[in-house]
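Biologist: Could we go through this chain together? I would like to begin with the overall picture and then turn to particular residues.

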Amino acid sequence: MLSLRFILLLAFASSISSFEPQMGSTRVVFQTNYGDIEFGFYPTVAPKTVDHIFKLVRLGGYNTNHFFRVDKGFVAQVADVANGRSAPMNEEQRRVAEKTVVGEFSDVKHVRGILSMGRHDDPDSGGSSFSMLLGNSPHLDGKYAIFGKVTKGDDTLTKLEQLPTRREGIFVMPTERITILSSYYYDTEAETCEQDRSVLKRRLAASAIEVERQRMKCFP
């Protein structure tokens, strides 16, 4: 029979492996042409990364950007802002988009829904590209900075996984553009304004479509 001490150790180890970091109250919503994806941040796990990504969101940096990579069961990766947007950037957007962040590696596990920074070989080369995990990927643990998690929109991620893809080197890429039409953010601890948010979402989506139409007209 297993000793009580061994059973307690197993329970303790299990609790550590299932540890869920505290999520901040901020939520970001990406409105894509396949549905919305909402996510939150882990400010105590990767504070510098969270500050950097959230600043880009506040500046509208991810608007008209896209998911350049969708590898079913692995990741859906957002392109870097400087090269992935279809609309021109202003000076401040470009300045922030071209910054890099120190690698904030942690013990948080790479499981479905986790947000994980993209980077080059240099561990401190993370910029504005990041992945939304589509499955458990323990081989990434401790090597890529986790900074948040999807809170709503797993159904949208599933839709993305079902799209046709092509392989280019190590990347599995969608054959059609998955556009982030617009984005917005809110605080879960602030007063609830569901109706106002619904109106704002519709207006943002409409304005994003108009911006893209004008871009195609003026910047073919």
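Biologist: How many helices and strands does the secondary structure of the chain come to?

Modeller: The chain has six helices and 10 strands. Helices (H or I, at least four residues) and strands (E, at least two) are DSSP runs, numbered from the N terminus. This is a predicted model, in which local features need pLDDT of at least 70 and side-chain atom pairs count only at pLDDT 80 or more, while totals for chains, interfaces and linings use all residues. Residues are numbered from 1 along each chain as its sequence is written, and side-chain values use heavy atoms, with hydrogens and water left out.

Biologist: What percentage of the residues is buried?

Modeller: Of the 220 residues in the chain, 46% are buried. Buried means under 20% relative accessible area, exposed over 50%, and partly exposed in between (1.4 Å probe, protein chains only).

Biologist: Now to salt bridges. How many are there by this rule?

Modeller: The count comes to six salt bridges. A salt bridge is a side-chain nitrogen of Lys or Arg within 4 Å of a carboxyl oxygen of Asp or Glu.

Biologist: Which residue does Lys149 meet in a salt bridge?

Modeller: The side chain of Lys149 pairs with that of Glu20, at 3.8 Å from N to O. Lys149 lies in strand β7 (residues 146-152) and Glu20 in the loop between α1 (4-17) and β1 (26-32), so the pair links distant parts of the chain, 129 residues apart.

Biologist: Is each of the two buried or exposed, or in between?

Modeller: Lys149 is buried because its relative accessible area is 19%. Glu20, at 45%, counts as partly exposed.

Biologist: And which residues are linked with Arg112 in a network?

Modeller: Asp154 and Glu161 are linked with Arg112 in a network of salt bridges. The closest N and O atoms are 2.7 Å apart for Arg112 and Asp154, and 3.2 Å apart for Arg112 and Glu161. Arg112 lies in the loop between α4 and β5 and Glu161 in helix α5, so this pair ties together parts that are 49 residues apart in sequence. Glu161 counts as buried at 13% relative accessibility, whereas Arg112 is partly exposed at 26%.

Biologist: A change of topic: what is the phi of Thr64?

Modeller: The phi of Thr64 is near 70 degrees, a positive value in a residue other than glycine. Most residues other than glycine have a negative phi.

Biologist: Where is Thr64 found?

Modeller: Thr64 is in the loop between α2 (47-58) and β3 (66-71). Its relative accessibility is 6%, so Thr64 counts as buried.
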